[in-house]
Amino acid sequence: MPDLPGCHGGGASPEEAIADATSAVREWAEARLAKHLPLPGSSTVAELLKQGEIDSASGESAVMIPVLIDSGRPVRANLSLDAGLLAAIDEEAGRRGLTRSAFIASAAREKIEGHR
């Protein structure tokens, strides 16, 4: 990951590589923030291509990885959901040993980060 020195990710498939890169980026950013260091800005794909950071001729490709860093400060949110969906959420959260809030937060993170 050209914008994050020392940060690497990979996988046997594009999906696995993206999932691993997403985890690596979050861990890299959290470690940097724990040291009170600023996060670098992000390059555009066009900039990376121009700089030769991506070798598309050899099969390399670029993806933008969202960086979600927990603030450690929970905030109450009022959501409106269909009663049937809420019942399904509660049932699945209970099956996994999670609270409703933890389940919804986990599902939202997976959706934003592109996990399936």
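1. V67 has a relative accessibility of 42% and therefore counts as partly exposed; the classes are buried under 20% relative accessible area, exposed over 50%, and partly exposed in between (1.4 Å probe, protein chains only). V67 sits in the loop between helix 2 (45-50) and helix 3 (83-96). Helices (H or I, at least four residues) and strands (E, at least two) are DSSP runs, numbered from the N terminus.

2. This is a predicted model, in which local features need pLDDT of at least 70 and side-chain atom pairs count only at pLDDT 80 or more, while totals for chains, interfaces and linings use all residues. Residues are numbered from 1 along each chain as its sequence is written, and side-chain values use heavy atoms, with hydrogens and water left out.

3. V67 also belongs to a nonpolar surface patch with L33, L39 and I69, and together these residues have about 280 Å² of accessible area. Patches are made of residues with over 30% relative accessible area and no salt bridge; like charges are joined within 9 Å, and nonpolar side chains (Val, Leu, Ile, Met, Phe, Trp, Tyr) within 5 Å. Accessible areas come from the Shrake-Rupley method with a 1.4 Å probe, and for residues only the protein chains shown count as cover.

4. E15 lies in helix 1, which covers residues 14-34.

5. On the overall fold, the chain has 4 helices and 0 strands, in the order α-α-α-α from the N terminus on. Its radius of gyration is 18 Å, whereas a compact globule of 116 residues would have one near 13 Å. That radius is taken over C-alpha atoms, and the globule rule is 2.2 Å times the number of residues to the power 0.38. Along the principal axes, the C-alpha atoms fill a box of roughly 50 × 35 × 25 Å. Of the 116 residues, 14% are buried.

6. The structure contains 4 salt bridges, each defined as a side-chain nitrogen of Lys or Arg within 4 Å of a carboxyl oxygen of Asp or Glu. One of them pairs R109 with D70, with the closest N and O atoms 2.4 Å apart. R109 is in helix 4 (residues 100-113) and D70 in the loop between helix 2 and helix 3, so this pair ties together parts 39 residues apart in sequence. R109 is partly exposed at 22% relative accessibility, while D70 is exposed at 56%.

7. D90 and R100 meet in another salt bridge, at 2.7 Å from N to O. This pair links distant parts of the chain, with D90 in helix 3 and R100 in helix 4, 10 residues apart. D90 is partly exposed at 31% relative accessibility, and R100 is partly exposed at 41%.

8. R95 and E92 are 3 residues apart, which means a separation of about one helical turn. Salt bridges with shared partners join E92, R95 and R96 into one network. R95 is exposed, at 62% relative accessibility.

9. The backbone at H36 deserves a look. Most residues other than glycine have a negative phi. H36 has a positive phi, near 60°. H36 is in the loop between helix 1 and helix 2 and counts as exposed at 74% relative accessibility.
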